[in-house]
Amino acid sequence: MVLDPWWSAALVGVTGLLIGSFLNVVIYRLPKMMERQWNAEVAAYAAERAALESTGTADDAQPQPPPAEPFNLMVPRSRCQACGHMVQWYENIPVLSYLFLRGKCSSCGVHISLRYPLVELGTAGLFAFLGHWGGLSAPTLVWCGFAAAMVALAMIDWDTTLLPDDITLPLLWAGLIASTLGWTGVPVAASVTGAAAGYLSLWLVYWGFKLATGKEGMGYGDFKLFAALGAWFGWQALVPIILMASVIGAVVGLALKFRNQLREGGYVPFGPFLVGAGLASMVFTPEAILQAVLGRLGL
């Protein structure tokens, strides 16, 4: 469908506001869903081991407690984390509800984090840019999906140091499929090579650092995210992306250290900086990013 670029930007941007509201749910709930699953698996394993040690067979395990209340991306309805007030539909309109409520819960008056509308506005801005760039088209749709996934990954990793497979792996496969269909402008061979090189490069860095220091410098989620970026942008983009992410990460890490705001253990999650470099590559080009980074370094 052909529309004026500004109309396309407006339409896709409004869609981004709605998607951003849903991303806030994903950012908050997905890590908790993962934690619940891990706890359930540990409890089931402990119960089975206890039964084996006491009777010699797992068939005599004690009855399991009733399943917990469903908790996923759809249920239960959103509630105030302080007082349990169930959020009404008119209190959940992106950005507008936050302004109307003056950033406070309508029931208890507790402050609502400014990050909620910022995620909505940030997602809307990215979507609007893509709508203006590509109109209402398949490439716009897939790049909007890429942008939404990246926003969610950045926030989740910053909060929890987790990069969930539920997002990184579909993002990787989506990049390969989009390349195959010609929607990213990246040749299939470059996309496949980028995915492999992205994963292996950080995997080698991880093991080199661990063998040298005995510590883990990053998580496996970083490998998968970098592989996904290689699939979306091709192997040629990996060096600009990793350079930009490393430089910004180092600057932010030093700033946090100077202000004594580093987390326990003195680490900063790397995922948000990979996300930032990936989104910059989407808006600009990897080549422009490389020139800018080298220029900043005086090279």
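In which handedness of crossing does H6 pass H7? The crossing is right-handed, meaning that the near helix is turned clockwise from the far one by less than a right angle. This is a predicted model, where local features need pLDDT of at least 70, side-chain atom pairs count only at pLDDT 80 or more, and totals for chains, interfaces and linings use all residues. Residues are numbered from 1 along each chain as its sequence is written, and side-chain values use heavy atoms, leaving out hydrogens and water.

Here are the two helix pairs, with helices (H or I, at least four residues) taken as DSSP runs numbered from the N terminus and axes as lines fitted to C-alpha atoms over the stretch in contact, with angles from 0 to 180 degrees between N-to-C directions.

| Pair | Angle | Axis distance |
|---|---|---|
| H5 (residues 165–180) and H6 (residues 188–213) | about 165° | 8 Å |
| H6 and H7 (residues 220–233) | about 155° | 6 Å |

The angle makes H5 roughly antiparallel to H6 (over 145 degrees), and H6 is likewise roughly antiparallel to H7.

H5 and H6 cross in a left-handed way, that is, anticlockwise by less than a right angle. Their contact (heavy atoms within 4.5 Å) brings Leu172, Gly175, Leu176, Ser179 and Thr180 of H5 to Val188, Ser191, Val192 and Ala195 of H6. By class, this contact has five nonpolar, four polar and no charged residues, with Ala, Val, Leu, Ile, Met, Phe, Trp, Tyr, Cys and Pro as nonpolar, Asp, Glu, Lys and Arg as charged, and the others as polar.

On the H7 side, H6 residues including Trp203, Tyr206 and Trp207 meet H7 residues, among them Tyr220, Phe223 and Phe226. That contact divides into twelve nonpolar, five polar and two charged residues.

Key:
Angles under 35 degrees count as roughly parallel, over 145 as roughly antiparallel, 65 to 115 as roughly perpendicular and the rest as oblique.
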